[in-house]
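Trainee: Please pick one part of this model and take me through it closely. Then show me what lies around it.

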Amino acid sequence: MSATEPLVKISNLEIDGIADETRTRIINNVSLELNRGEVMGLIGESGAGKSTLGLAAMGFTRDGCEIVGGNIMFDGIDLVTATPDVKRQLLGKRIAYVAQSAAASFNPAHKIINQHAEAPLCHGVSSRTEAEADAIDLYERLRLPNPDEIGFRYPHQVSGGQLQRAMTAMAMSCRPDLIIFDEPTTALDVTTQIEVLVAIREIVEQFQTAAIYITHDLAVVAQMADRVKVLLRGDEVEEADTRTMLDAPREDYTKSLWAVRSFQRPQKPLAKKGAVPVISLRNVTAAYGSNDPVVRDVSFDIHEGRTVAVVGESGSGKSTTARCITGLLPPMTGEIAFQNQVLPADYRKRSVHQLRQVQMIYQMADTALNPRKRIGEIIGRPVEFYLGLKGAEKRRRVEELLELIEMDPKEYINRLPSELSGGQKQRIGIARALAAEPKFIICDEVTSALDQLVAEGILKLLTRLQEEMKLSYMLITHDLSTVRAIADEVVVMKDGLIVEAGPKDEMFTPPHHAYTDLLLSSVPEMNPDWLDELLAQRGAENLGDAAVSKM
Amino acid sequence: MMPSLSFTYWSALVVAGALALYFGGRQVGNASGVARLRDMSATGALGYSLLVVTLYQGIALYFGPGATFFKWAVHGVVGFGIAGYLFQQLGRHVGTRATKKLFRSMPVTAALGILLILAYALIAIFADFIAPYGQAEIFKDANLLPGGDPGMGGSPDHLLGTDQIGRDILSRLIYGAQNTVGIAFVTTLLAFFIGISLGFLAATIGGVLDQVLSRIVDMLMSIPQLIFALLLMTIATAWFGSEKGMVTLFMILIIAVLDSTRVFRLSRAVGMNIVVMDFFEAAKLRGEKLSYLIFSEIAPNAFAPLLAEFGLRFCFVFLTIASLSFLGIGIQPPLADWGTMVRDLSQFIAYAPFPVVGPLTASLPLMAAGAIALLTVAVNFVVDWMLHRASGLKE
């Protein structure tokens, strides 16, 4: 085996998915070459087949998938025809996998270091004491706090970002030739993400490991990968090295992916002094049960036709604030007023008219729509409930609403939510909120579960509806590019307190509050040198959660 | 003639076959490249070997002398298998597109289950037309054997024979379907009505109500069910008298309440999972009433697991009624009931070893028992299939 041969060579791979009596092509004639020590980024929307391709590089297919053509050569071994024994020798030892959700992938009943030592022991690479010493060394390299001690904790005693790094360490335990990273940072906050990115990049460089990095976030892939391959519905769109791909994409689809982040609505002028705000929070403090408050003394106003973005990490209290406004969680002290009228704290005590004015759009469209009801019923119910329309009138209104969200009523009115795509489901969620004809809508992370192109469509729709109906939005998000796109004012929250608040343009120009600055600086940019520059500027100790804990 | 094997030979053959298959298969597989032989595990080889040897044993037993019940069982399994297959084929080619698709995705066992349940339902509904005689009608020829052959102690008028006091067993089996299955169905419906409404209520409202209901249910479940039912039946008959019909009514109510505890637990657990979903929160925030929340938001989503549970519960209720009747406090004579029939004819099972008429005599209690067993199996076939579908498991 010569060193110039690629480590992984996939040629003309075809994979079928079999579900409910039908066969669909998931991977259509895709080829891939990966050299030793090289990082390849796989990019595409959900359903593009990037995870399937990543797993295929390990010779593995999920249940219901079948390799129907092509071959997968790993270091001279054809993984399509290899026996289970041969594959067992490779997996864990020479090929490792890092899953999207580390919290769901660790066994909660065993200590982290025991799970770490499993692969080296099983493959006879090292003894238990050696494996543990090596684990501590890896934890140190990955800059985990207390590397001597952290491995002896159970997974639930460690935060999400640390767990993801521990999982990367685990994948490294046998010093594999190839690691597959399947969206390792997608579920993390920006400040946590940046730490994991730095850690993964360093360790891959140190050990000269080849990696396949699967993600839908272009800015992340720009930092991580040497070469990028773009997939669309199982087909390869194009492949090039990262800089060429970013500077001069050839295909239209790639160009459209690159252009997504450019959507931006100009900030509206501030509301006039003395104008009555649609919703105002006055010194709201709230807690779950008798625990410490999660929201402390929060006050802000939302004016007609404006979007207020509430930004913060998970656990900062932004969703709890929304629960206080809807009345699901009555605040301990403080009050919420709608057009200067104080609303009853508990939603059960609010009148139908008051309930109607505050609507909500949820993050997970899958759980936000009743899976057993047809679209017509889902949208029709609030129409009937609030406006008292029945029969043909109700149907006409539902059709109007569907047209409003740019979906063809004839085609969609009788479908079930499971027959829609993620973006379409989110549109139905919007239509359901609009059906009540509210003044104010809370958008809780509405785009974070969606692909970027689809998310852009949703943001444009929300902007258009706001113009047409003078709606006010409270936009809960941790994604600052969404804020930049459609917000007028920004409220930054941390540990239940408002850190900074003000108009958008002010927020995005320095000087910032230290925390806001950290949030802004942690958002990956499309520039491949961004992470290097940031590291050179601030040093690895002043990034992400490490910096937050210093505040 | 194939001789059947003694246990020693049988086990030796199984082990030898497994070893031969495991090591030989490896050699052959490596040479020919057949992946299935090459990668066969030791347990897999043992399974195949066991299957082949047992199959041989079965065939030898079937064509050898004696073993009457084994032959009947083989006939039964093969016959029902063919019936299920034919019914499945029928369903695949006749009907609307939706039902055709349903039958295509259904295993033969489920098709057989549906066929049998339909048959039981038809027999129960049209018992008055199907049964040759009345259920309480007494003939002068008692203790006739099944088979209808006068030379073997039967009579062509009574195909399945008569019991000790001369009632036609075929008619009583048919009416038994009406009584036993009908009452079990009503009882299960009642149990589900009580269990589901309280369970969903506990899930939706929560708090004190949930605690109170759950603890009451725990209390009821902590007492062994059959003994508790016996106790309650005694109390009920002592207080309200034991007129005809009343006893049956008590039985229905008591079993329904006791069984609703299991339904309560399931529906509460299922409800809890739905209550935390965003669409439920959206409906709550819309200001919907409790009845809408329960019937429109929770119920449709809980349908699949509850339906599967209905099938299982139905079997248990059915068996409880049969055992209560067997103990003499269930369905009262002269109403025909399978449990009572098993009890009344049970002593005939002792005749089984006698030559020629022995198996026929012993089959008297087995027919009612078989009717119970068959329905239980049929319902479970269907339930298994529905659970499989509901859980989204794919091959």
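Mentor: Begin with strand 16 and strand 17 (residues 440-444) of chain A, which pair in the parallel sense over four bridges. Strands here are DSSP runs (E, at least two residues), helices are DSSP runs of H or I (at least four), and both are numbered from the N terminus. To pair, two strands need at least two bridges found by DSSP. Strands of a sheet pair through backbone hydrogen bonds, either parallel or antiparallel. Look at one bridge: A:Val358 has A:Phe440 in strand 17 of chain A as its partner.

This is a predicted model, where local features need pLDDT of at least 70, side-chain atom pairs count only at pLDDT 80 or more, and totals for chains, interfaces and linings use all residues. Residues are numbered from 1 along each chain as its sequence is written, while chains are lettered from A and ligands numbered from 1 in the order in which they are written.

Strand 16 (residues 358-361) of chain A has the highest mean among the elements of that chain, 91. Helix 24 (residues 544-550) of chain A has the lowest, 69.

Now widen the view to the sheet. In chain A, six strands form an open sheet with mixed pairing, in the order 16-17-18-13-19-20. Strand 16 and strand 20 (497-503) of chain A are the edges, and each pairs on one side only. From one strand to the next, the twist averages 20°. Such angles run from 0 to 180 degrees between N-to-C directions, with axes as lines fitted to C-alpha atoms, for helices over the stretch in contact.

Next, a residue with contacts around these strands. A:Ala433 sits in helix 18 (residues 422-435) of chain A. Is A:Ala433 buried or exposed? A:Ala433 is buried, because 24 other C-beta atoms lie within 10 Å. The cut-offs are simple: 20 or more other C-beta atoms within 10 Å is buried, 12 or fewer is exposed, in between is partly exposed, with C-beta atoms placed from the backbone. Which residues does A:Ala433 touch, beyond its neighbours within four places in sequence? Its contacts (C-beta atoms, placed from the backbone, within 7 Å) are A:Gln359, A:Met360, A:Ile361, A:Pro438 and A:Ile441.

Two loop residues of chain A deserve a stop. A:Glu406 lies in the loop between helix 16 (391-404) and helix 17 (409-412) of chain A. Its phi is positive, about 60°, although A:Glu406 is not a glycine. A:Glu406 counts as exposed because it has 12 C-beta neighbours inside 10 Å. A:Arg233 is in the loop between strand 9 (227-232) and strand 10 (235-241) of chain A. A:Arg233, another residue other than glycine, has a positive phi near 45°. With 15 C-beta neighbours inside 10 Å, A:Arg233 counts as partly exposed.

Step back to the domains of chain A. There are two, domain 1 (8-262) and domain 2 (312-501), with bounds from an automatic or database assignment. Their C-alpha centres lie 35 Å apart. Domain 1 of chain A gives 10 residues to the contact, and domain 2 of chain A gives nine. On the domain 1 side, helix 8 (190-207) and helix 11 (252-259) of chain A each give two or more residues. That side holds three nonpolar, four polar and three charged residues. Nonpolar means Ala, Val, Leu, Ile, Met, Phe, Trp, Tyr, Cys and Pro; charged means Asp, Glu, Lys and Arg; the others, Gly among them, are polar.

Last comes the partner chain. Chain B has 15 helices and zero strands. Its C-alpha trace spans about 75 × 70 × 45 Å along the principal axes. Of its 395 residues, 32% are buried. Chain B also has two assigned domains, domain 1 (1-65) and domain 2 (169-390), with C-alpha centres 43 Å apart.

Where the chains meet, chain B gives 13 residues and chain A gives 19. Helix 12 (278-286) and helix 13 (290-327) of chain B each supply at least two residues of the chain B side. Helix 12 of chain B provides the largest share of that side, five residues. The chain B side divides into five nonpolar, two polar and six charged residues.

Notes:
Two residues are in contact if their C-beta atoms, placed from the backbone, lie within 7 Å. pLDDT is the predictor's confidence in each residue, from 0 to 100.
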